[in-house]
Amino acid sequence: MSPIDINTERQLIRVPAGHGRTFRVLSGQIITVIDTEGQQAADFVAICADDPAEKLSPVHTRRALQSLFFKVGDELRSTHDKPLLRVLADTVGIHDANVPACDSTRFSVDFNVPGHRNCVDNLHQGLALFGLSPDDVPDPFNFFQSGPVTAEGRMQVTDPVSRAGDHITLLALRDLVVAVSSCPRTSFRATG
């Protein structure tokens, strides 16, 4: 189990394995998400500080890029199809933008581990302060998570390929509220 570190121009935030953190960033600030020990996925969501109904959207990003994957220089877009973040650096190059955040039902039904921490609850914990319900938590970008698509068009989720110190750096293009969950599934896999 490894934590995720978030480095902004204002602060260093440690996200313990299996937990989440929420923080604000201003337009023009840089966010670096760091896998401190390797093979730890980070579910990443954002809402616009001036309009919490406008959220970071993997679906709109994929449509705008005409790709399932993003790369350095690409912009991650909102539910209103506006750029929210620009990818400045990426030492891994493999991230998932297809799989939704796990919730308590997924752990109970799919993994037979009732009551386990999960990304939806981790992300919602901080976003609730901005009026979002658990159902309002946006679908995440799963940084460092490998989510290949097979030749048959099937989605897979495989272990993260990131190593200790790998990171992705983003430029905020709007004032945002960001939530990050250090994936409890990755933690669960590592421990049981």
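**Close-up views of charged and aromatic contacts**

**View 1. Four phenylalanines gather in one aromatic cluster.** Phe 44, Phe 70, Phe 141 and Phe 143 make up a single aromatic cluster in this predicted model. Across the whole structure, there are four aromatic pairs. One of them brings Phe 44 together with Phe 143 in a tilted arrangement, with 4.9 Å from centre to centre and 40 degrees between the planes. The two partners come from distant parts of the chain: Phe 44 belongs to strand E5 and Phe 143 to strand E9 (residues 141-143), 99 residues apart.

**View 2. Asp 50 meets Arg 174 in a salt bridge.** Let us turn to charged contacts. Side chains of opposite charge can pair when their charged atoms come close. The structure has eight salt bridges. In the one shown here, the closest N and O atoms of Asp 50 and Arg 174 are 3.5 Å apart. Both residues sit in loops, and the pair links distant parts of the chain: Asp 50 lies between strand E5 (42-48) and strand E6 (51-55), while Arg 174 lies between strand E10 (167-172) and strand E11 (176-182), 124 residues apart. Asp 50 is exposed, and its relative accessible area is 63%.

**View 3. Arg 174 also forms a salt bridge with Glu 54.** How far apart are N and O in the salt bridge between Arg 174 and Glu 54? The distance is 3.1 Å. Here too, distant parts of the chain are linked, with Arg 174 in the loop between E10 and E11 and Glu 54 in strand E6, 120 residues apart. Glu 54 is buried, with a relative accessible area of 2%, whereas Asp 50 is exposed.

**View 4. Arg 86 and Glu 75 pair up within a salt-bridge network.** The closest N and O atoms of this salt bridge are 2.9 Å apart. Arg 86 lies in strand E8 (residues 83-90) and Glu 75 in strand E7 (residues 75-77), so their contact ties together parts that are eleven residues apart in sequence. Both residues are partly exposed: Arg 86 has a relative accessible area of 27%, and Glu 75 has one of 23%. Which residues belong to the network? Salt bridges with shared partners connect Arg 63, Glu 75, Arg 77, Asp 81 and Arg 86.

Conventions: Residues are numbered from 1 along each chain as its sequence is written. This is a predicted model: local features need pLDDT of at least 70, side-chain atom pairs count only at pLDDT 80 or more; totals for chains, interfaces and linings use all residues. Side-chain values use heavy atoms; hydrogens and water are left out. A salt bridge is a side-chain nitrogen of Lys or Arg within 4 Å of a carboxyl oxygen of Asp or Glu. Helices (H or I, at least four residues) and strands (E, at least two) are DSSP runs, numbered from the N terminus. Buried means under 20% relative accessible area, exposed over 50%, partly exposed in between (1.4 Å probe, protein chains only). Rings of Phe, Tyr and Trp (its six-membered ring) pair if their centres lie within 6.5 Å; planes under 30 degrees apart count as stacked, over 60 as edge-to-face and the rest as tilted.
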